[in-house]
Amino acid sequence: MSESEGLDLLTLNGDGTFSIRLEIDARDRYEAELDATRLVAAALKDAGIAEADAPLGPPAVTGIDSDL
């Protein structure tokens, strides 16, 4: 998880939703979205939060670093 951007990892919104910012290493955007969703779903499950109590919306890739 990146600390270099100075962003909050977890943001709780006033409407009962939340945002999580992650840094994912993946081959492409699609894999990054899948990996992020799996990681957050597993973390919520490990914390004892039911999927129905914290449904996940679609992930959003906001930046891509490449060695190309």
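**Close-up views of a predicted model**

**Figure 1. Arg-27 and Glu-31 are joined by a side-chain salt bridge, with an N to O distance of 3.6 Å.** A salt bridge is assigned where a side-chain nitrogen of Lys or Arg lies within 4 Å of a carboxyl oxygen of Asp or Glu. By this rule, the count is 2 salt bridges. Arg-27 is exposed, its relative accessible area being 73%; the classes are buried (under 20% relative accessible area), exposed (over 50%) and partly exposed (in between), with a 1.4 Å probe and protein chains only. The model is predicted, so that local features need pLDDT of at least 70 and side-chain atom pairs count only at pLDDT 80 or more, whereas totals for chains, interfaces and linings use all residues. Residues are numbered from 1 along each chain as its sequence is written, and side-chain values use heavy atoms, with hydrogens and water left out.

**Figure 2. Asp-35 and Arg-38 form a salt bridge whose closest N and O atoms are 2.9 Å apart.** Both residues belong to helix 1 (residues 29–46), where they are 3 residues apart, about one turn of the helix. Helices (H or I, at least four residues) and strands (E, at least two) are DSSP runs, numbered from the N terminus. Asp-35 counts as partly exposed, at 25% relative accessibility. Side chains of opposite charge can pair when their charged atoms come close.

**Figure 3. Phe-18, in strand 2, has contacts with residues from several parts of the sequence, including Leu-10, Leu-44 and Leu-56.** Thr-11, Leu-12, Asn-13 and Ala-54 also touch Phe-18, neighbours within four places in sequence being left aside; contact means heavy atoms within 4.5 Å. Phe-18 counts as partly exposed, with 29% relative accessibility. A C-alpha separation of 9.2 Å is found between Phe-18 and Leu-56, which are 38 residues apart along the chain.

**Figure 4. Ala-54 is buried, at 9% relative accessibility.** Ala-54 is located in the segment after helix 1. When residues up to four places away in sequence are not counted, Ala-54 touches Phe-18, Leu-44 and Ile-49. From Ala-54 to Phe-18, the C-alpha distance is 8.9 Å, across 36 residues of sequence. In the protein chain, 7% of the 68 residues count as buried.

**Figure 5. Leu-9, Leu-10, Leu-12 and Ile-20 make up a nonpolar surface patch with about 380 Å² of accessible area together.** Patch members have over 30% relative accessible area and no salt bridge; like charges are joined within 9 Å, and nonpolar side chains (Val, Leu, Ile, Met, Phe, Trp, Tyr) within 5 Å. Areas follow the Shrake-Rupley method with a 1.4 Å probe, and for residues only the protein chains shown count as cover. Leu-10 is placed in strand 1 (residues 10–12) and counts as partly exposed, at 48% relative accessibility.

**Figure 6. The second largest pocket has a volume of about 220 Å³.** Among its 12 lining residues, Leu-9, Ile-20, Leu-22, Val-40 and Ala-43 are the closest to its centre. Strand 2 (18–20) and helix 1 are the elements that give two or more residues to this lining, with helix 1 giving the most, 4 residues. On a 1 Å grid over the protein atoms alone, a pocket is an open set of points where a 1.4 Å probe fits, with protein on both sides within 12 Å along at least five of seven lines; lining residues have an atom within 4 Å of a point. Points are joined across faces, edges and corners, and the volume is the space filled by probe spheres set on them.
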